[in-house]
Amino acid sequence: MANASGLFSTPSVPNFTLRVRPFSSIHRFQGFAAKVFCSGTIEGAQNYASPTQSRIPRLVSQGCKLVGCGSAVPALQISNEELSKIVDTNDEWISVRTGIRKRHVLSGGDSLITLAADAAKKALEMAKVDPDDIDLILMCTSTPEDLFGSAPQIQKQLGCTRNPLSYDITAACSGFVLGLLSAACHIRGGGFRNVLVIGADALSRYVDWTDRGTCILFGDAAGAVVVQACNSEEDGLFSFDVHSDGNGIRHLNAGIKENESNNALDSNGSVRSFPPKQSSYSCIQMNGKEVFRFAVRCVPQTIESALEKAGLPASSIDWLLLHQANQRIIDAVATRLEIPSERVISNLANYGNTSAASIPLALDEAVRSGKVKAGQTIAAAGFGAGLTWGSAIVRWG
């Protein structure tokens, strides 16, 4: 296996036969991508750079495709009616504003790691990939069960005896899209064959259940896909477009709590501030109106940029699959892109906003129900805290 750290190395590096060329878009010949990239621009939300202006080199390499998916949700289900018993709200108020009617929440001895492992097992079963054939596990989550990451514990639960590299990706609701991008880069430039990408979050643990503006939105879930190396003719990950804007943190965050200081003064008047106090994270703080404006502005733009990079028209999209945050956002983006509602995947009503899990969860349901079929093209986009946002144009199967 080639060294993954050499992803953007020059052709003279040993053990690589890849050719690195800076080019501005993907060209498609005879139905497949002849040039594939593993990069994206990172600019401001207001005026980010054109996708054709990216200075990051693209790689010419083998293809990769999606070959399996799976999902899992906690047993405990909370309806809008049940929420109205603990906070001043009702089913109509929630459903009209968000499209959400219920959500699943971790409870008792439930574990996010177990939930993620269950989703991963289903994806591996569909892909007919043995756990010992996994080369890499990417756990996309902002709510790990260990400060240092949860991916290695998923590796353990899956019974991977070859000790494949496993690590977490923290990018909130954009996490799964970035996981797909990372998987593509590891396969195209690092020699990996089978990469397991998991999106899993338990934001219910960081919700203020007395704040009706946020507690109505979130649920817990896990979803997973297997990304597998293939020849260029079968390539199914056509393009990506990803961005960040740190200025947007004021609109959506869950920062470290600042504990009240009771530090005593030394005799010389200086504050004794060592050792540091233990810290914890605050509940989710969100300016819903600003997040809505950000999403309906930036999500259509990133999908259009990804389509341009893939050399595909919007009419080639069989399915639009967005992060399931709010039905109004989903509808607004579909309208902007002129995609009819019958080609939009949405399961928001049953699960709420499950952060990094929302895209693979919705994909898994659509595939298993027969809605999404092999060979169909999907435009997927994630957006959320950071602020981060990004899109991927992919083919299923």
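Which helix gives the most to the lining of the largest pocket? In this predicted model, the answer is helix 6, with five residues. The points below cover that pocket and then some features of the backbone.

**The largest pocket**
- The volume of the largest pocket is about 1,300 Å³.
- Its lining is made up of 47 residues, and F218, L252, N253, I284 and A385 are the closest to the pocket centre.
- Two or more lining residues come from each of these elements: helix 2 (91-98), strand 13 (252-253), helix 6 (288-310), helix 7 (327-337) and strand 17 (377-384).
- By residue type, the lining has 24 nonpolar, 17 polar and six charged residues.

**A cis peptide bond**
- Between G386 and L387 the peptide bond is cis, and its omega is near -10°.
- L387 belongs to the loop that runs between strand 17 and strand 18 (388-395).

**Positive phi at K128**
- K128 is not a glycine, yet its phi is positive, at about 55°.
- This residue, K128, sits in the loop between helix 3 (112-127) and strand 8 (136-140).
- K128 counts as exposed because its relative accessibility is 75%, and the cut-off for exposed is over 50%.

**Positive phi at E338**
- E338 is not a glycine either, and has a positive phi of about 60°.
- The loop between helix 7 and strand 16 (344-345) holds E338.
- With a relative accessible area of 72%, E338 is exposed.

Technical notes. Residues numbered from 1 in each chain as written. Predicted model: local features only at pLDDT ≥ 70, side-chain atom pairs only at ≥ 80, totals over all residues. Heavy atoms only, no water. 1 Å grid on protein atoms, 1.4 Å probe; cavity = no way out; pocket = protein on both sides within 12 Å on 5 of 7 lines; lining within 4 Å. Points joined across faces, edges and corners; volume = space filled by probe spheres on them. Helix = DSSP H or I, 4+ residues; strand = E, 2+ residues; numbered from the N terminus. Nonpolar A, V, L, I, M, F, W, Y, C, P; charged D, E, K, R; others polar. Buried < 20%, exposed > 50% of the residue type's maximum accessible area, 1.4 Å probe, protein only.
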